Amino acid sequence: MGSRYVVTVSEVAGAVLKARSGDTDRALITFARMIEDYRRLHSTTHVVTALRHIVVLLTRLQRTEPAMRILGALRSSDRESYGTESELLDEAVATATADEGLASVTAWLEDGDG
């Protein structure tokens with residue numbers, strides 16, 4: 001179609017599918033490549049979207065600290081999350097809090113915000 005927007009949405013969806021299907025290593029590699037491409041193209045919206053999905057994936061992989069630091073950085077941006085994406089991020093915070101404790105999660109979020 002020639003639409004960069006359509007391509008990037010499809011790429012993020014493909015990486016999410018890999019993550020949900022259990023191919024987590026490949027999903028992380030795919031996300032890293034996409035984020036570099038989007039950053040180079042100044043496609044901030046797609047970088048933010050990809051990072052939100054990485055937060056969910058890292059939380060599922062019990063890599064809680066980096067997930068919460070990334071989420072803290074994302075929360076400091078002016079880009080709101082909504083709908084299912086927002087619910088998934090709320091679930092990630094709840095899981096992190098249950099696993100690591102409120103004090104740790106709060107500290108990581110604040111550090112990421114800084």
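1. The lining of the largest pocket divides into seven nonpolar, five polar and four charged residues. Here Ala, Val, Leu, Ile, Met, Phe, Trp, Tyr, Cys and Pro count as nonpolar, Asp, Glu, Lys and Arg as charged, and the others, Gly among them, as polar. This is a predicted model: local features need pLDDT of at least 70, side-chain atom pairs count only at pLDDT 80 or more, and totals for chains, interfaces and linings use all residues. Residues are numbered from 1 along each chain as its sequence is written, and side-chain values use heavy atoms, with hydrogens and water left out.

2. The second largest pocket is lined by residues including Arg52, Ser81, Ser86 and Leu89. Its lining divides into three nonpolar, three polar and five charged residues.

3. Ser81 also deserves a look. Its side chain makes a polar contact with the side chain of Glu85 at 3.2 Å. A polar contact is a pair of N or O atoms within 3.5 Å; within protein, one must be able to donate a hydrogen and the other to accept it, and residues adjacent in sequence count only if both atoms are side-chain atoms. The Ser81 side chain also reaches the backbone nitrogen of Ser86 at 3.3 Å. Leaving aside neighbours within four places in sequence, Ser81 is in contact (heavy atoms within 4.5 Å) with Arg52, Ser86 and Leu89.

4. Now the helix pair. Val93, Ala96, Thr97 and Glu100 in α5 meet Leu102, Ser104, Val105 and Trp108 in α6. The residues of this contact divide into five nonpolar, two polar and one charged.

Note on methods:
Helices (H or I, at least four residues) and strands (E, at least two) are DSSP runs, numbered from the N terminus. On a 1 Å grid over the protein atoms alone, a cavity is a set of points where a 1.4 Å probe fits but cannot get out, and a pocket is an open set with protein on both sides within 12 Å along at least five of seven lines; lining residues have an atom within 4 Å of a point.
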